[in-house]
Amino acid sequence: MSIGIINKLDTPWAFTTDLQYDKWYIKYSKLTEICQGGPLVGNLIINGQNVFSDKSSGGPLLYFDNIVIVPMFTHKIFVSGFKLSIIELGTMRLRLEKGIYDLIYLVRIEENRILFYQDMNRNKLHTKSIDSIRLNFSEN
């Protein structure tokens, strides 16, 4: 089974900001570029609640079986970039993958693997395995 981004024209620079999946209404607010010409990040609002308000979420996101996969922007003293993150909607539990990437350009979920690019030209497809029940990541 393969689940991809709903709007094929969505990119990290321009993506759908109001989404409805099952009983979940997901909206991005206060979107801004991380730098001039850079990807957009902002607040993620789920069913009217600003969840993880201390974090900036990028897009586009992937939705599968009450789980949202979204790139989250992190900014530290010596490094900034995106972390692959999973939100379990029923509990609003957040799990962040360990690596930091310059860009996460999500493509689809395929057989418990998240497929994404790390560059805007989409040169090489990367994968991360995911156990959607335990929300654990493992290298693939």
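**Entry 1: aromatic rings**

I start with a rule: rings of Phe, Tyr and Trp (its six-membered ring) pair if their centres lie within 6.5 Å, and planes under 30 degrees apart count as stacked, over 60 as edge-to-face and the rest as tilted. With that in hand, I find that W13, Y105 and Y117 form one aromatic cluster.

Before going on, I note what I'm looking at: this is a predicted model, where local features need pLDDT of at least 70 and side-chain atom pairs count only at pLDDT 80 or more, while totals for chains, interfaces and linings use all residues. Residues are numbered from 1 along each chain as its sequence is written, and side-chain values use heavy atoms, with hydrogens and water left out.

How many aromatic pairs does a search of the whole structure find? I get 6. A pair of aromatic rings is described by the distance of the centres and the angle of the planes. For Y21 and Y63, the centres are 4.5 Å apart and the planes at 5°, so I write this pair down as stacked. It links distant parts of the chain, since Y21 sits in strand β2 and Y63 in strand β7 (residues 62-64), 42 residues apart. Strands here are DSSP runs (E, at least two residues) and helices are too (H or I, at least four), numbered from the N terminus.

Are Y21 and Y63 buried or exposed? Both are buried. That word has cut-offs: buried means under 20% relative accessible area, exposed over 50%, and partly exposed in between (1.4 Å probe, protein chains only).

Y105 and Y117 are another pair, with ring centres 6.3 Å apart and planes at 85°, so they are edge-to-face. This pair links strand β11 (residues 105-110), which holds Y105, to strand β12 (residues 113-117), which holds Y117, and the two residues are 12 apart.

**Entry 2: a closer look at Y105**

I checked the cover on both rings. Y105 has a relative accessible area of 6%, so it is buried. Y117 has 16%, so it is buried as well.

What does Y105 touch? Contact means heavy atoms within 4.5 Å. Leaving aside neighbours within four places in sequence, I list D10, T11, P12, W13, F116, Y117, D119, M120 and R122 as contacts of Y105. I also looked at P60, which is 45 residues from Y105 along the chain, and the two C-alpha atoms are separated by 7.6 Å.

**Entry 3: the whole protein**

Zooming out, I count 0 helices and 14 strands. Buried residues make up 44% of the 140 residues. Among contacts between residues at least 6 apart in sequence, 38% join residues at least 24 apart. The accessible surface comes to about 7800 Å², and 49% of that belongs to carbon and sulfur atoms. These areas come from the Shrake-Rupley method with a 1.4 Å probe, and for residues only the protein chains shown count as cover.

**Entry 4: nonpolar cores**

A nonpolar core is a set of buried Ala, Val, Leu, Ile, Met, Phe, Trp, Tyr and Cys residues joined through side-chain atoms within 4.5 Å. Which residues touch the most other members of the largest one? Of its 18 residues, I note I26, L44, L61, V68 and I87. The elements giving two or more residues to this core are β2 (18-21), β3 (24-33), β4 (40-46) and β8 (67-75). There's also a second, separate core of 14 residues, which includes V41, I67, F82 and I114.

I picked I26 to follow up. Setting aside its neighbours within four places in sequence, I26 is in contact with T17, D18, L19, Y21, L44, I45, I46, L61 and V68.

**Entry 5: charges**

A salt bridge is a side-chain nitrogen of Lys or Arg within 4 Å of a carboxyl oxygen of Asp or Glu. By this rule I get 4 salt bridges. One of them joins D54 and K55, with the closest N and O atoms 3.6 Å apart. D54 is exposed, at 64% relative accessible area, and K55 is partly exposed, at 26%.

R108 and E110 also meet in a salt bridge (3.1 Å, N to O), and E110 forms another with R113, at 3.2 Å between the closest N and O atoms. Through shared partners, R108, E110 and R113 are joined into one network. R108 is partly exposed, with 25%, and R113 is too, with 23%.

Last stop is K83, in strand β9 (residues 80-88). It is buried yet has no salt bridge, and the nearest side chain of opposite charge, E97, is 7.0 Å away. For charge, Lys and Arg count as positive and Asp and Glu as negative, while His and the chain ends are not counted.
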